[in-house]
Amino acid sequence: GGFGKPYKGVDVPSVERADALPADETELVNRTAVAVTSEIKSRRQAICDQHPDWTDEQIDAELALIRQDIAAPPAELPNDDDDIVDDPHA
């Protein structure tokens, strides 16, 4: 103890530190996308990680929407040539 006296039930102080910087949502999404496309994480797990409060039904619905998006043909982009008007003076 101090000054010849014993310590009396003193708790050891502790400090909890937070991250120095806030989480970067874009970085998290990019890392998740890489993990899914490189097949080290499933889409289901990625959705669970992103939405921990979702039920299994909500996750299944999201996976079904993703499958529909993948199966759908790509949207047609406008052809740049459609905007060209022939110049009658050329």
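Where is the place of Glu39? I found Glu39 in the loop between helix 1 and helix 2.

**Ground rules.** I am working on a predicted model, where local features need pLDDT of at least 70, side-chain atom pairs count only at pLDDT 80 or more, and totals for chains, interfaces and linings use all residues. I number residues from 1 along each chain as its sequence is written, and side-chain values use heavy atoms, with hydrogens and water left out.

**Overall fold.** I counted 3 helices and 0 strands. Helices (H or I, at least four residues) and strands (E, at least two) are DSSP runs, numbered from the N terminus. Along the sequence I read the pattern α-α-α.

**Surface.** The chain has 90 residues, and 8% of them count as buried. Buried means under 20% relative accessible area, exposed means over 50%, and partly exposed is in between (1.4 Å probe, protein chains only).

Most residues other than glycine have a negative phi. Glu39 is exposed, with a relative accessible area of 71%.

**Helix 1.** I found 13 residues here, reaching 18 Å from first C-alpha to last, close to the 18 Å expected at 1.5 Å a residue. The expected span is 1.5 Å times one less than the number of residues. Which residues of helix 1 are buried? They are Thr32, Ala35 and Val36. Seen down the axis of helix 1, these buried residues fall within an arc of 95 degrees, so they line one face of the helix. The arc is that of the directions from the helix axis to the C-beta atoms. On the face turned away from the buried side I listed the exposed residues Thr26, Arg31, Val34 and Thr37.

**Thr32.** I placed this residue in helix 1. Thr32 is buried, with a relative accessible area of 16%. I also checked Thr32 against Ser42: they are 10 residues apart along the chain, and their C-alpha atoms are separated by 9.6 Å.

**Largest pocket.** I noted a volume of about 240 Å³. A pocket is an open set of points on a 1 Å grid where a 1.4 Å probe fits, with protein on both sides within 12 Å along at least five of seven lines; lining residues have an atom within 4 Å of a point. Of the 13 lining residues, the closest to the centre are Thr32, Ala33, Val36, Ala46 and Ile47. Helix 1 gives the most to the lining, with 6 residues.

Terms used:
Grid points are joined across faces, edges and corners, and a volume is the space filled by probe spheres set on the points.
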